[in-house]
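Dear colleague,

Please find below the structure that I am handing over to you. My notes on it follow.

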Amino acid sequence: MSEWVTICRVEDIPRLGARRVARDVGAAVAVFRTADDGVFALLDRCPHKGGPLSQGIVFGHSVACPLHNWAIGLDDGCARAPDEGCTPRFAVRVEAGVVALDAAELRTLALAPPAAPTGACSAGGAGA
Ligand code: FES
């Protein structure tokens, strides 16, 4: 059975925005709120070059990365075509307006340093 960590209330997350949740280990988690009050959580690192997705603009069930405007799906963490790559997604529980994240995932998911950047700009040789 999962152990859940209370993060905030849904209304504490700006509609079409995000709240950043720091962790003791690993990169922070971005918790997003959509226009229809859906709540999603992704690692706060764009799969392109690590941009802070929590500072992006939410539209529909996607977020536009603030660095190069890739659209990342909130439901799967994956870049929308033609871009490629995914960022880890975290389970979210919303009960009675209270948002919680899975404690085990917060401790263990996506702790490794980010992989080499993906996308067209990463195709260069050493030092690129
Ligand atoms: S770092 Fe997000 S689109 Fe480039």
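In which strand is Ala100 found? Ala100 belongs to strand β10, residues 98–102; strands (E, at least two residues) and helices (H or I, at least four) are DSSP runs, numbered from the N terminus.

Please note that this is a predicted model, in which local features need pLDDT of at least 70, side-chain atom pairs count only at pLDDT 80 or more, and totals for chains, interfaces and linings use all residues. Residues are numbered from 1 along each chain as its sequence is written.

Ala100 counts as partly exposed because it has 18 C-beta neighbours inside 10 Å (20 or more would be buried, 12 or fewer exposed, with C-beta atoms placed from the backbone). Beyond its neighbours within four places in sequence, Ala100 has contacts with Trp4, Val5, Thr6, Ile7 and Arg93; a contact requires C-beta atoms, placed from the backbone, within 7 Å. Glu3 is 97 residues from Ala100 along the chain, and their C-alpha atoms are 9.5 Å apart.

There is also an open sheet of 4 strands, in the order β2-β3-β4-β8, with antiparallel pairing (two strands pair if DSSP finds at least two bridges between them). Its edge strands, β2 (17–21) and β8 (89–90), each pair on one side only. Between β2 and β3 (residues 29–33) there are 5 bridges, and Gly17 lies opposite Arg33 of β3.

As to confidence, pLDDT is the predictor's confidence in each residue, from 0 to 100. The protein chain has a mean pLDDT of 90, with 88% of its residues at 70 or more. Residues 120–128, however, have pLDDT below 50, and this stretch has 3 contacts beyond near neighbours in sequence. Where pLDDT is low, the predicted coordinates should not be read in detail.

Yours sincerely

Technical notes: Two residues are in contact if their C-beta atoms, placed from the backbone, lie within 7 Å.
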